[in-house]
Amino acid sequence: MKQIKMILQSPYMIILLVAFKLVVYYGLIGVSINDITLIIVSTLAMGAIFLSFSRCRLKRKKAIFLVVYSLLSLLMFADAMYYNYYNQTVSIKQLWQAANVAAVPSSFIATLIPASFLLFADIPFMHYYFKKHTVENKEKNSWSFKKELKYFLAGLCVMFVWLVVNPINSVAIEKVNSVEFFSNHVNDIYTAITDNINIEKMSVEDVLKNMEEVKNKPIGNRLHGIGEGKNLILVQVEALQNFVLNANYNGQEITPNLNSLLQKDTLYFDHYYSNIGKGNTVDAEFSTLNSLYPVIDRECYTLYVNNTFKGLPWLLRDKGYDAFAIHGYKGDFWNREVAYPGQGFREFYSMEDLDMSETIGLGISDKSMFKQAIDILKKEDGPFFSFIVTLTNHHPFLLDPKDATLSLKEEHKETKFGSYLQTVRYTDEAIGQFIKQLKAEGLYDNSILVFYGDHHGLNSGMDNNQEIMGEYLGRPYDYDEMLNVPLLIHIPNSGVNETISTTGGQVDFLPTIANIMNIDLEQPYILGQDLVNAKDGFVAFTAYLFEGSFVSNNAMFEISREGVFDGSRAWEIDTNKPLDASKYEDDYNRAIMLKRLSKEILEQDLIAGYNKETNQTN
């Protein structure tokens with residue numbers, strides 16, 4: 001008993017507690033525990049913090065140590081949460097998301113990992129050991145120890161500066177730098193500060209030249225103008241993944257109404273990918289409306305709210321269309337209320353403008369929202385562009401039993417997979433009712449109806465989605481399936497009905513619909529291509545996969561989390577057949593360039609410059 005007490009009171013328990021914390025942390029963010037280097041570096045840093053506080057002359061240092069150590073634990077917890085959802089650790093640039101997370105508490109709670117609370121378990125013990133081993137200022141020999149501590153801390157600082165700056169461009173250092181807790185976050189702060197300093201802005205000429213080199217070029221004008229003059233009803237469907245279309249579950253069609261559209265007068269793009277950033281839904285609509293890539297820092301509706309744009313709403317208004325948006329949630333969420341006028345929408349009907357008597361989950365139910373949308377559409381006396389965003393199929397997929405119409409297998413009840421299928425089915429029913437109401441009001445025949453998914457619903461890294469989806473699909477559930485969302489362009493009475501399997505993404509929608517509606521894309525800052533006439537497809541990714549990842553034709557490439565080819569992987573979409581990742585360096589550089597070009601266009605507000613030059617010329 002005495003020996004156990006001595007062990008528990010030993011300062012070596014501090015190392016044991018820190019090591020346990022780090023093993024939990026690295027396990028939660030998907031790092032192999034075998035990588036002992038990371039644990040050693042992190043332990044040294046934790047030890048330095050402990051020793052610094054225990055030997056310093058600060059007043060109330062015990063309380064200060066408790067606060068600092070608790071904040072570090074909270075940052076680890078945030079990393080674990082963020083990694084669980086985004087497959088990336090949190091950045092200082094994403095602190096803005098705290099307000100948005102607070103606005104959707106049900107989604108936040110659903111992403112919690114019970115094991116992540118272990119990151120706080122050592123705090124009271126560390127506080128106890130800190131009090132026990134704190135050296136008071138009057139203690140003898142404290143001066144000599146402090147002198148040694150100064151050398152230790154100086155050496156540690158030099159090590160971290162070396163890791164962060166990486167002056168010799170070592171791949172090994174880069175691996176540690178991008179994953180180890182302290183160096184990762186110090187590097188993140190360093191990058192955030194120096195980002196705009198170190199990168200030289202491209203000239204307008206270089207932007208246009210590089211765009212010519214990296215963009216795909218369509219090879220014809222097939223189906224050009226077949227929808228000219230028609231109303232455009234563009235529906236962004238919350239969390240709609242492609243796998244549910246034309247699919248059966250437990251003897252039931254999951255999306256019978258969307259499936260019926262596929263039978264007639266519809267262009268169906270079945271290899272269409274979400275290319276969102278951390279803004280999720282609003283990044284999907286931003287990319288769709290403007291044919292630009294979002295940035296990783298935060299949603300473009302806030303970062304570039306004062307920019308000039310010439311996307312789909314403005315282009316259709318130039319052709320005499322009215323343009324407005326409808327969404328059953330708060331108008332200020334994702335800054336839509338402020339950003340939409342600059343995007344070209346004359347009016348925005350949000351939750352505050354609609355009847356809120358029927359809500360599901362976060363806001364107005366899809367069935368109620370579509371019904372109210374009909375009342376708005378039928379008041380239009382000329383051609384219109386209506387952008388509608390659904391909501392009911394939002395994570396964590398909450399639905400009252402009376403609204404759930406699918407019969408689930410017993411093993412899928414109380415799972416995210418089962419809940420997702422139920423809310424997808426509900427939204428599909430709402431779409432079916434919407435189409436019937438359009439026909440009843442005489443709005444259907446003269447309108448193009450477009451439905452596309454904004455992003456995934458079932459994150460492969462959360463819950464037991466990977467296992468259940470793998471069983472359902474009959475193959476591994478990987479990013480090629482997770483990020484695959486459908487695009488349906490339904491043109492009544494067109495006689496056009498086909499599935500187009502060219503790889504594309506939301507960045508390609510604007511040029512695709514422009515071809516169909518005979519819209520002149522006069523301004524050059526368009527990064528997508530017309531998928532109807534495309535020969536090859538290419539989409540760069542922003543979130544969930546690290547920058548430099550892409551899908552090209554039938555291959556998907558995931559750059560390693562360290563940003564180096566060692567540890568990267570490539571595979572054939574639809575089959576999961578492994579491919580040689582080393583052969584995709586040119587495409588990797590192309591993905592990096594596309595993302596940079598988009599950021600240059602946004603940071604320099606190049607569309608405003610183009611408009612100014614055009615007006616002066618005219």
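How many residues of helix H21 (residues 509-517) are buried? Of its 9 residues, 9 are buried, and H21 is thus described as mostly covered.

## Basis of the model

The model is predicted: local features need pLDDT of at least 70, side-chain atom pairs count only at pLDDT 80 or more, and totals for chains, interfaces and linings use all residues. Residues are numbered from 1 along each chain as its sequence is written, and side-chain values use heavy atoms, with hydrogens and water left out.

## Helix H21

The buried residues of H21 are Phe509, Leu510, Pro511, Thr512, Ile513, Ala514, Asn515, Ile516 and Met517. Buried denotes under 20% relative accessible area, exposed over 50%, and partly exposed the range in between (1.4 Å probe, protein chains only). Helices (H or I, at least four residues) and strands (E, at least two) are DSSP runs, numbered from the N terminus.

## Helix H13 and its surroundings

Helix H13 (residues 281-290) packs against helix H16 (residues 336-343) at an angle of about 5°, and their axes are 13 Å apart. Axes are lines fitted to C-alpha atoms, for helices over the stretch in contact, and angles run from 0 to 180 degrees between N-to-C directions. H13 is therefore roughly parallel to H16; the classes are roughly parallel under 35 degrees, roughly antiparallel over 145, roughly perpendicular from 65 to 115, and oblique for the rest. Thr281, Val282, Glu285, Phe286 and Asn290 of H13 meet Arg336, Tyr340 and Gln343 of H16, where contact means heavy atoms within 4.5 Å. The residues of this contact comprise 3 nonpolar, 3 polar and 2 charged.

Serine 287 also belongs to H13 and is buried, with a relative accessible area of 0%. Leaving aside residues up to four places away in sequence, serine 287 touches Asn275, Leu292, Tyr293, Pro294, Gln506 and Val507. The C-alpha atoms of serine 287 and asparagine 275 are separated by 7.9 Å, although these residues are 12 residues apart along the chain. In the loop between H13 and helix H14 (300-303) lies glutamate 299, which is buried at a relative accessible area of 2%. The side chains of glutamate 299 and threonine 302 are joined by a polar contact of 2.5 Å.

## The five-stranded sheet

An open sheet is formed by 5 strands in the order S14-S15-S16-S17-S18, with antiparallel pairing; two strands pair if DSSP finds at least two bridges between them. Helix H22 (residues 585-603) lies across S14, S15 and S16, at about 65° to S14.

Strand S15 (residues 550-552) is joined to strand S16 (residues 555-558) by 3 bridges. Across this pair, serine 552 stands opposite alanine 555 and valine 551 opposite methionine 556. The hairpin of S15 and S16 has 2 residues between the strands, and asparagine 553 takes a positive phi near 50° there. On its other pairing, S16 is joined to strand S17 (residues 569-572) by 4 bridges, with alanine 555 opposite glutamate 572.

In a regular strand the side chains alternate between the two faces of the sheet. In S16, Ala555 and Phe557 point one way, whereas Met556 and Glu558 point the other way, and all are buried.

Key
Nonpolar A, V, L, I, M, F, W, Y, C, P; charged D, E, K, R; others polar. Polar contact = N/O pair within 3.5 Å; in protein donor to acceptor, adjacent residues only side chain to side chain.
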